[in-house]
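Dear colleague,

I am handing over the structure we spoke about, and below it you will find my notes on what was found. Please read them with the coordinates open beside you.

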Amino acid sequence: MATLSDIQRAVSILFPEAVPMECPDPSLQNSHSFFLQDGGGGTLWVEVVLVTFSREQITDYLAQAKQIEIHYHCPVTGILISQDYEPGVCELLSLVRIPIRFFRIQNSSSPSIVSSQEILEVTPFQINSSSKKLSSSKETQISPISSRGVWNRLTREELREFIQLELDFAHKRA
Amino acid sequence: MEISKGPEKKLKRGLQDISPLFQSTAPVITQNSQNISHVIASPPVLFDVQFVSVCVPDHAGDSFLANARLASEIVRRTDLSTHLVSIVPGVNALRVKSQAAFPAFEFLNPRIARLTLSHQELWSFSREGPMRLDSKNGIQPFLAFLEFEPAQFRSLARIAMLLDRVILYVLPDPMSLREAYRLVKNLWSYNPEIEYELLFRTKAPTQKQEEFLFERFSLIVSRFLGLCPDWLGDLPFQNKNDFPLDSSGNTMGFDPEPLLSAEGLQRPLSPEKSRFWLELQNRFRKRSFHER
């Protein structure tokens, strides 16, 4: 199983010009994220999720991104590295203001610790075509009236408004 | 009865006039630390004919319960008798046989009569013969809850044309509001005259959170669809005894006044609504006579 150090080593290979940064605020620090400064003065916020990134995690993720922007006073690019993504998550996150790049952890059979964890950048299309179907019992019993995954019933602007609403509501509850 | 829907109506129901919702004349909205402060008489009923539907956009299968819940709350607070019209697929000529899945007519309580119709029967109402409007005897307020599951309809167009108001019975969270918005957008594409009300089916931890959600939802709906939804407060779906009641036994926090007013109702009635209303009146009168 990948550890954070494995991921850090892999990321340093992917972004050779980026240098590690200290976290400006201890409250933003956790065991599965780290910060890099890219060559252009921006901040790369690398968040590692060793399970499937679900829709329920989106709100917290966006809230944290906003906090990081406030503390660093500079544009932030999210580098999200996850074992897998729930359908629809990447489409939603691709609509927000913060640029986010998605990576998937691929396990290889190589015994070497560094190369045993491959990190591949993926697009939402690639994720949807290869990810497993979500089939929890909860979803078969309770489903919204609109068809699942028919995101195109709402325009991008409408979706953006509702994502912002989720984010703002999460702040209000906190 | 003509009701104009000019800019003054929108201003009145815009966000800057949200205060009447919190100063509702519905039975008791404030209480002191010990008990209920006062009881107000039942709100006046001002409409003539109204077709309403309570929709649960984030949870399929609860349409009947939601509409019955609201109908029971309305009859508890007013002198109205209400009608619940369940529209279901696949129940047509077979209903006349003894193998009907459920009764076509029943009283849920002495003041809520339920009629079950198939899709085919519903559509046939709008093609009935010439209208026979009898305005000489005046119009008794007629409130019908049209209960249906949108997922079972191939097209919502026909039923959308019959609706005056849609109550979005949702959880106080953004995901539910997004599903509500989808439904609103769908119905709005068929009938832009429908009025929408938001009603939370559980309480948020604080009143401020509910206000926040309604205001933002209202902003989004207003911006993209040009609509001005009202807010009816919150009405628990289950475990209603866990929620504070006033001395009349009514659930606090629910304001039915927007439903009882004629504001926003399009008049005169469209031909489809007129025929539907007449046919329903005939059906309910005949069945009431036999059932009683």
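In chain B, strand β1 (residues 49-55) and strand β6 (residues 165-170) run parallel and are joined by four bridges, and within β6(B) the bridge partner of B:C55 is B:L168. Please bear in mind throughout that this is a predicted model.

This pair belongs to an open sheet of eight strands in chain B, ordered β3-β4-β2-β5-β1-β6-β7-β8, whose pairing is mixed. The edges are formed by β3 (105-109) and β8 (230-234) of chain B, each of which pairs on one side only. On average, and with direction ignored, neighbouring strands of the sheet are turned by 25° against each other.

Strand β5 (residues 142-147) of chain B deserves a separate paragraph. Four bridges link β1(B) to β5(B), the two running parallel, and here B:Q50 has B:L143 as its bridge partner in β5(B). Strand β2 (residues 82-88) of chain B also runs parallel to β5(B), to which it is joined by five bridges, and B:V85 has its bridge partner in B:L146. How many of the six residues of β5(B) are buried? The strand is mostly covered, with six of its six residues buried. In a regular strand, side chains alternate between the two faces of the sheet. In β5(B), B:F142, B:A144 and B:L146 point one way, while B:L143, B:F145 and B:E147 point the other way, and all of them, the glutamate B:E147 included, are buried.

Helix α3 (residues 63-77) of chain B lies across β1, β2, β3, β4 (112-118), β5, β6 and β7 (195-200) of that chain, and runs at about 160° to β5(B). Helix α7 (residues 207-225) of chain B packs on the sheet as well, where it touches β6, β7 and β8 of chain B, and its direction makes about 155° with that of β8(B).

Finally, there is a helix pair between the chains. Helix α7 (residues 156-173) of chain A packs with helix α6 (residues 174-190) of chain B at an angle of about 155°, their axes lying 9 Å apart. Since angles over 145 degrees count as roughly antiparallel, α7(A) and α6(B) are therefore roughly antiparallel to each other, and α7(A) passes α6(B) in a right-handed crossing. The residues that meet include A:L159, A:F162 and A:F169 from α7(A) and B:M175, B:L177 and B:Y181 from α6(B). By class, this contact has eight nonpolar, no polar and four charged residues.

With kind regards

Key:
Residues numbered from 1 in each chain as written. Chains lettered and ligands numbered in written order. Predicted model: local features only at pLDDT ≥ 70, side-chain atom pairs only at ≥ 80, totals over all residues. Heavy atoms only, no water. Axes fitted to C-alpha atoms, helices over the stretch in contact; angles between N-to-C directions. Parallel < 35°, antiparallel > 145°, perpendicular 65-115°, else oblique. Left-handed = near helix turned anticlockwise from the far one by under 90°. Contact = heavy atoms within 4.5 Å. Nonpolar A, V, L, I, M, F, W, Y, C, P; charged D, E, K, R; others polar. Buried < 20%, exposed > 50% of the residue type's maximum accessible area, 1.4 Å probe, protein only. Pairing = 2+ DSSP bridges.
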